[in-house]
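Let's take a friendly tour of a protein chain. Have a look at the model first, then read on.

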Amino acid sequence: MAVGCGLFTAASFPLARDTTGEIYDPGLHWVDGLLFFGGSTLAFLVLSRRLAADPRWRSLSAYTLAIVVLSFGSTMALHLLARPTYAPLHDYGAWYSGQSSWC
């Protein structure tokens, strides 16, 4: 439920652009992102463990655990390599910073 709420409320608190063109979070967008991405990662982790416990579904548990690792790893990489203004990939992070036609 928190994942769904995070997804819809993130749209209610979008990122904004200041007068210099920098992207910033004027409200609770980061909280909603944490609810969505953190909640979905935890849900896949729980699902992975439940699948591993059932012999009929055990073969799928490795795939769901891989989703957890990829989700957590890509989120950490994004926050370390593209989000901060001093980060090495910040200049190439237009896909992240919202510099598309809808922002």
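## Contacts along the chain

Among contacts (heavy atoms within 4.5 Å) between residues at least 6 apart in sequence, 29% join residues at least 24 apart. This is a predicted model, in which local features need pLDDT of at least 70 and side-chain atom pairs count only at pLDDT 80 or more, while totals for chains, interfaces and linings use all residues. Residues are numbered from 1 along each chain as its sequence is written, and side-chain values use heavy atoms, leaving out hydrogens and water.

## The order of elements

The chain holds 4 helices and 2 strands, which are DSSP runs numbered from the N terminus (helices: H or I, at least four residues; strands: E, at least two). Starting at the N terminus, the order is α-β-β-α-α-α.

## Two packed helices

Helix α1 (residues 2-12) packs with helix α2 (residues 29-53) at an angle of about 145 degrees, and their axes are 8 Å apart. Axes here are lines fitted to C-alpha atoms, for helices over the stretch in contact, with angles from 0 to 180 degrees between N-to-C directions. Residues making the contact include L7 of α1 and F36 of α2.

## An aromatic pair

The structure has 1 aromatic pair. The ring centres of F36 and F37 are 4.9 Å apart and the planes lie at 80 degrees, so the pair is edge-to-face (centres within 6.5 Å make a pair; planes under 30 degrees apart are stacked, over 60 edge-to-face, the rest tilted).

F36 is partly exposed, at 24% relative accessible area, and F37 is partly exposed at 47% (buried is under 20%, exposed over 50%, partly exposed in between, with a 1.4 Å probe and protein chains only).

How values were computed. Rings of Phe, Tyr and Trp (its six-membered ring) pair if their centres lie within 6.5 Å; planes under 30 degrees apart count as stacked, over 60 as edge-to-face and the rest as tilted.
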